[in-house]
Amino acid sequence: MDIAVIGSNMVDLISYIDKMPKEGETLEAPDFEIGCGGKGCNQAVAAAKLGSGVMMVTKVGDDLFADNTINNLEKYGIDTEYTVKVPGTSSGVAPIFVDPDSKNRILIIKGANKHLSPEDVDGAAEKLKQCSLIVLQLEVPLPTVYRAIEFGNEYGIPVILNPAPASKELDFEYVCKSDFFVPNESELEILTDLPVETDEQVRLAAMTLVERGVKNVIVTMGSRGVMWVTKDDVQTVSSHKVDAIDTTGAGDAFIGCFSHYYVKTGDVLEAMKKATAFAALSVTKRGTQTSYPELDEVEEFLKERV
């Protein structure tokens, strides 16, 4: 395995809406889709579609969604040995509302994801030790995230931590033990209580995390691009102008692609550039994982923009 994703899976329930209903109002929506999602699985699929060997450590329920999630991961060649069913529990679900401007609003019901434990990390230890990178998010219990970071430190495996959804309870002792901290600008604002309306404000907010001991802060800013902040430097990668249809899962697309290229090359800036293109392509189609491009699409897209 190249990459271990320890985290969440969800069933995406996507409603394409003209506008959000007011309290007590019922509106007709033009379209609806069901897809496989969850930040962990999205990131795993993105990396796997580019050719990385990926293992997934996650929990599903014992409902009708569980086998669909497992089959979907296996379709992309992801190792599901440690994708485990939890009896008497529902799978995680995410109702998603996408407006005509391609902006989204998302609710998550964690379901079986709440049962992913530190013991599950240790139970997968022998296979995890073989990985070159561990990728984490916050849709599973924080103690599990902390144990995964510790595991990476114990065995010299780099760790990417995506603080999504952002939590004020996040212990920065563990954030500082991760190698890459990758929030979007909204998550950065929540975690720092600082404004992020301009690139300079994003830089200043990210720098407060660096001053607290975070090694690498990579902030995804949607159409404004991506910023990488360390104690020594600030690097920005511009976004690509595309006709956005659905931005759901774009941040996960970035992280999965970044993970693939970082493991492949060790070049952070080059991985950011590839991931920015991958994420841009993902918003030109509907859905989450189904919108993620193939390797040849990414390469062709970048050639057209040289």
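Helices (H or I, at least four residues) and strands (E, at least two) are DSSP runs, numbered from the N terminus. The model on your screen is predicted, so local features need pLDDT of at least 70 and side-chain atom pairs count only at pLDDT 80 or more, while totals for chains, interfaces and linings use all residues. Residues are numbered from 1 along each chain as its sequence is written, and side-chain values use heavy atoms, with hydrogens and water left out.

**Stop 1: the largest pocket**

Select N104, N184, T247, A250 and G251, which among the 49 lining residues lie nearest the centre of the largest pocket. A pocket here is an open set of points, on a 1 Å grid over the protein atoms alone, with protein on both sides within 12 Å along at least five of seven lines, and lining residues have an atom within 4 Å of a point. The volume of this pocket is about 1400 Å³, where a volume is the space filled by probe spheres set on the points, which are joined across faces, edges and corners.

Now colour β2 (10-16), α1 (39-49), β6 (93-98), β7 (104-106), α7 (185-192), α9 (250-265) and α10 (268-282), each of which supplies at least two residues of the lining of the largest pocket. The greatest contribution comes from α9, with five residues. Sorted by class, the lining holds 21 nonpolar, 19 polar and nine charged residues, with Ala, Val, Leu, Ile, Met, Phe, Trp, Tyr, Cys and Pro counted as nonpolar, Asp, Glu, Lys and Arg as charged, and the others, Gly among them, as polar.

**Stop 2**

Select β2, where six of the seven residues are buried; buried means under 20% relative accessible area, exposed over 50%, and partly exposed in between, with a 1.4 Å probe and protein chains only. Two strands pair if DSSP finds at least two bridges between them. On this basis β2 pairs with β3 (residues 31-37) in the antiparallel sense over seven bridges, and with β6 in the parallel sense over six bridges.

**Stop 3: strand β1**

Move to β1 (residues 3-6), and show its side chains. In a regular strand the side chains alternate between the two faces of the sheet. Here I3 and V5 point one way and A4 and I6 the other, and all are buried. Strand β1 runs parallel to β4 (residues 54-60), to which four bridges join it, and A4 stands opposite M55 there. Parallel pairing over four bridges also links β1 with β8 (residues 133-136), in which the bridge partner of I3 is L133.

**Stop 4: helix α1 and K49**

Return to α1, in which ten of the eleven residues are buried, including C41, N42 and Q43. Next select K49, which also belongs to α1. Is K49 buried or exposed? At a relative accessible area of 15%, K49 counts as buried. Leaving aside residues up to four places away in sequence, K49 touches Y76, Q289, Y292, P293, E294 and L295, contact being heavy atoms within 4.5 Å. The helix is followed by G51, whose phi is positive, near 115°.

**Stop 5: backbone points to check**

Most residues other than glycine have a negative phi, and most peptide bonds are trans. Select S102, in the loop between β6 and β7, where phi is positive, about 70°, although the residue is not a glycine. This serine is buried, with 4% relative accessibility. Then select D193, in the loop between α7 and α8 (199-211), which has a positive phi near 60° but is exposed, with a relative accessible area of 60%. Finally, go to the loop between β9 (159-161) and α6 (172-175), where P165 lies; a cis peptide bond joins A164 and P165, with omega about -5°.

**Stop 6: cysteines**

End by selecting the cysteines. How many disulfides does a search of the whole structure find? It finds zero, a disulfide being a pair of cysteine sulfur atoms within 2.5 Å. For C131, the nearest cysteine sulfur is that of C41, 15 Å away. C131 is buried, at 6% relative accessible area, and C176 also counts as buried, at 19% relative accessibility.

Technical notes
On a 1 Å grid over the protein atoms alone, a cavity is a set of points where a 1.4 Å probe fits but cannot get out, and a pocket is an open set with protein on both sides within 12 Å along at least five of seven lines; lining residues have an atom within 4 Å of a point.
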